[in-house]
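Morning, everyone. Let me put the next model on the screen, and then I'll walk you through it.

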Amino acid sequence: MKNPFFRGHYRGMYMAEMAFIHGYEAMGWGGINAGCHHFFGYPITPQNEITEFFARELPKIGGRFVQAESESAVGAMLFGAAAAGVRCMTSTASPGWGLMQEMLSHISWCELPCVVVDCQRGGPGQGTTRHAQTDYLSATRGGGQGGYKSIVLAPSSVQECHDLLQLGFYLADKYRILVVVLTDGILIQIAEPVELKTIDFGPLPPKDWALKGTAKKGGRWDLIHSTRGLILGGYTPIIKELHKKYHQIADLEVRYRTYQADDAELILIAYGYVARCCEGAVDMARAQGFKVGFIQPITLWPFPCEVVSQKASQGCKFLVVEDSMEQMFEDVKLSVEGKAEIHHLGLLSRHLPGEVGMLFPETVFEEVKKLL
């Protein structure tokens, strides 16, 4: 596919194809390069820089930024903009993610495409503003009521922050679905060289379902309603169609990356900033003769169950590394189906009592040596 460079990027007075930028800026330019000109947000740590980016940059290109009065209001604004057929998004952190769930469930029921960036922080409730990966289950299981599904993408580099934002909008429009980009406070704050480009993922179906007003619909009224099952006279047919779509996504949209996995006896599995640590740990292990490999799920839903199951059948052991307490571990356990050993390195399993901090390649490598 043709991936032309985006030449409209401006920082100061220069044009750029490559830029040394932070993860939050990459998220922003990824959204703009995807054609998202509508952002609704509410400030919350540790993602405020993403909100500030759109507040600063969207007016320059004729876009719309609205700071809402609450996260619940953000969800309602997303509902309205998505119903009109425009590309729209928000970003939030864990407590705000929780407050948005009712409206996100309505958005999912009405099959409205939009993108939500969740920059995770630690623990339930207000938790802590530190980095973490503790929203995995609520993101991958459909955080609100009703048993819906969302596509969940997990970047592990600043380049992926940029590119997966664009992929998120493409998948949202392709399947008329909510897409969640799950990140963390470390990834959006690090800076790396990024190729700023608009990615062409291919054609999309027309948005003939969108509310465009009677003048554009031949005098006919449109209707998108969150009680569509009552209005259209049937709840069961809609549920059947939704789950048919979820199965199609699970068959066609699984994405993952492997590293040194072909001859591995131990496979590390991680996403987000932790994936970077695991790749470094694999290099350390290989340098000392340990056959260690790595699987990075890029889609957390749908989860790459098949490749994990294949490695389990080949006799591999697994070490799930995540900045949480055995959340992704559940999906790996389901994928392995009892065919292999699974170990876990997580939020509290690597520090002195009472100490909580980030994972490092050295931490992971020490665990690898214990297992091998």
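This is a predicted model: local features need pLDDT of at least 70, side-chain atom pairs count only at pLDDT 80 or more; totals for chains, interfaces and linings use all residues.

Residues are numbered from 1 along each chain as its sequence is written, and side-chain values use heavy atoms, with hydrogens and water left out.

Overall make-up. The protein has 13 helices and 16 strands. Helices here are DSSP runs of H or I with at least four residues, strands are runs of E with at least two, and both are numbered from the N terminus. Of the 372 residues, 54% are buried. Buried means under 20% relative accessible area, exposed means over 50%, and partly exposed is in between, with a 1.4 Å probe and protein chains only. Now contacts, meaning heavy atoms within 4.5 Å. Among contacts with a separation of 6 or more, 78% join residues 24 or more positions apart.

Now the seven-strand sheet. It is open and mixed, in the order β5-β4-β6-β7-β9-β8-β14. Two strands pair if DSSP finds at least two bridges between them. At the edges sit β5 (64-67) and β14 (299-301), each pairing on one side only. The twist averages 20° from one strand to the next. Angles run from 0 to 180 degrees between N-to-C directions, and axes are lines fitted to C-alpha atoms, for helices over the stretch in contact. Strand β4 (residues 38-41) runs parallel to β5, joined by four bridges. Phe40 has Val66 in β5 as its bridge partner. Across β4, β5, β6 (88-93) and β7 (114-120) lies helix α3 (residues 71-83), at about 160° to β6.

Next, the five-strand sheet. The order is β11-β13-β12-β15-β16, again open with mixed pairing. Its edge strands are β11 (256-259) and β16 (342-345). Neighbouring strands are turned by 20° against each other on average, direction ignored. β12 (residues 266-269) and β15 (residues 317-321) run parallel, with four bridges. There, Ile267 stands opposite Phe318 in β15. Which helices pack here? Helix α10 (residues 273-287) lies across β11, β12, β13 (292-297) and β15, at about 165° to β13. Helix α13 (residues 361-371) touches β12, β13, β15 and β16, and makes about 155° with β15.

On to a helix pair. The axes of α11 (residues 305-313) and α12 (residues 328-336) come within 8 Å and cross at roughly 60°. α11 and α12 are therefore oblique to each other. On this scale, under 35 degrees is roughly parallel, over 145 roughly antiparallel, 65 to 115 roughly perpendicular, and the rest oblique. Who meets whom? Cys305, Val308, Ser309 and Ala312 in α11 meet Val332, Ser335 and Val336 in α12. That contact divides into five nonpolar residues, two polar and no charged. Nonpolar covers Ala, Val, Leu, Ile, Met, Phe, Trp, Tyr, Cys and Pro; charged covers Asp, Glu, Lys and Arg; the others, Gly among them, are polar.

Helix α1 (residues 23-33) is mostly covered, with 11 of its 11 residues buried. Among them are Glu25, Trp29 and Asn33. After α1 comes Gly35, with a positive phi near 90°.

Last, Lys245 in helix α9 (residues 236-252). Buried or exposed? Lys245 counts as buried, because its relative accessibility is 10%. Beyond its neighbours within four places in sequence, Lys245 contacts Glu111, Tyr175 and Arg176.
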